Amino acid sequence: MRISLFIGQSAELNPEQAPGLVSAIHKQPVDTPLWCGFLGLRGDEQSDRRHHGGPDRALHHYPADHYPWWKTWQTALGLPAPRTPWQPAAFGENLSGLGLGETQACIGDVYRLGEALIQISQPRSPCFKLNQRFGYGQLSQVMQLNGRCGWLLRVLEEGRVASQAELVLVDRPYPELTVKRTADILFNQTRNEEDLQLLLENPALSPNWRQHAAHWLEHGVVADWRRRLLGPAEFQVPPQA
């Protein structure tokens with residue numbers, strides 16, 4: 001599978017309707033080789049380092065296969081055209097390609113991409129900024145429910161990466177824990193101690209996700225995702241806006 005590369009810098013996401021809301025989701029395609037370091041692609045930026053970026057979230061891969069589905073979803077619901085077209089980089093991904101989705105990719109998968117060696121660390125957790133990005137008030141919730149979230153990766157070996165480099169699977173140590181299953185355990189199913197223990201004990205899963213699993217196991221209460229999914233009141237998008 002060949003991979004397209006995208007990078008971006010921080011900017012206001014929607015200055016007219018949400019002034020002050022900053023994001024680096026505006027990614028642009030890259031044609032020249034880039035250095036892929038432990039914190040991601042050179043020239044790329046994360047505006048909110050508390051919730052984005054860092055060694056376990058250095059790269060974001062979003063399957064290009066999903067864009068036709070989002071177009072069909074929009075059309076079927078009779079929604080207006082999105083603020084951002086349904087095309088690669090729209091979801092702020094660094095890596096995009098055809099042929100690998102959340103039901104095949106697994107936590108801990110190790111891939112060679114150019115000179116770099118990268119590993120899947122967690123599913124992406126959709127947030128309210130996607131609602132502003134596309135102009136739909138519940139898009140982040142729909143994304144979390146349907147599992148078309150993509151995934152985040154850590155960099156195990158640094159190196160140069162060129163656009164259209166081949167993504168080659170090197171190792172799959174945890175085939176039982178797909179990205180889709182991981183997200184469903186935490187987001188889309190009732191409390192299951194065996195499944196939560198599976199997340200907690202997986203050394204390749206990011207510490208943040210293992211902490212969520214541990215909290216649910218210990219306290220018996222699922223985390224409240226509303227603020228992440230909908231955002232502060234001043235940045236919320238009305239339904240079907």
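Modeller: Helices in this predicted model are DSSP runs of H or I with at least four residues, numbered from the N terminus.

Colleague: With that in place, which residue follows α3, and near what value is its phi?

Modeller: Helix α3 covers residues 139–146. The residue that follows α3 is Gly-147, and its phi is positive, near 80°.

Colleague: Which residues of α3 are buried, and which helices do the buried residues of α3 pack against?

Modeller: The buried residues in α3 are Leu-139, Ser-140, Met-143, Gln-144 and Asn-146. An α-helix has 3.6 residues a turn, so residues three or four places apart point the same way. The partners against which these buried residues pack are α1 (67–76), α2 (129–134), α4 (179–187) and α7 (226–230).

Colleague: Turning to Thr-178, is this residue buried or exposed?

Modeller: Thr-178 sits in the loop between β13 (165–171) and α4. Its relative accessible area is 16%, and because the cut-off for this class is under 20%, Thr-178 counts as buried.

Colleague: Which backbone atom does the side chain of Thr-178 reach, and at what distance?

Modeller: Leaving aside neighbours within four places in sequence, Thr-178 is in contact with Glu-102, Thr-103, Ala-105 and Cys-106. Its side chain also reaches a backbone atom, namely the nitrogen of Arg-181, at 3.0 Å.

Colleague: How many cavities of 30 Å³ or more are there, and how much space lies in the largest cavity?

Modeller: The count of cavities of 30 Å³ or more comes to two. The second largest cavity has a volume of about 30 Å³, while the space in the largest cavity is about 40 Å³.

Colleague: Which helix gives the most to the lining of the largest cavity?

Modeller: The lining residues of the largest cavity are Leu-186, His-212, His-215, Trp-216, Val-221, Val-222, Ala-223 and Trp-225. By class, six are nonpolar, two are polar and none is charged. With three residues, the helix that gives the most to this lining is α6 (residues 207–219).

Colleague: Which strands each supply at least two residues of the lining of the second largest cavity?

Modeller: The lining of the second largest cavity is made up of His-61, Leu-95, Leu-100, Tyr-111, Ile-118, Ile-120, Trp-151, Leu-153 and Leu-167. By class, this lining has eight nonpolar residues, one polar residue and no charged ones. The strands that each supply at least two of its residues are β10 (116–123) and β11 (151–157).

Notes: Residues are numbered from 1 along each chain as its sequence is written. This is a predicted model: local features need pLDDT of at least 70, side-chain atom pairs count only at pLDDT 80 or more; totals for chains, interfaces and linings use all residues. Side-chain values use heavy atoms; hydrogens and water are left out. Buried means under 20% relative accessible area, exposed over 50%, partly exposed in between (1.4 Å probe, protein chains only). Contact means heavy atoms within 4.5 Å. On a 1 Å grid over the protein atoms alone, a cavity is a set of points where a 1.4 Å probe fits but cannot get out, and a pocket is an open set with protein on both sides within 12 Å along at least five of seven lines; lining residues have an atom within 4 Å of a point. Grid points are joined across faces, edges and corners, and a volume is the space filled by probe spheres set on the points. Ala, Val, Leu, Ile, Met, Phe, Trp, Tyr, Cys and Pro count as nonpolar, Asp, Glu, Lys and Arg as charged, and the others, Gly among them, as polar. A polar contact is a pair of N or O atoms within 3.5 Å; within protein, one must be able to donate a hydrogen and the other to accept it, and residues adjacent in sequence count only if both atoms are side-chain atoms.
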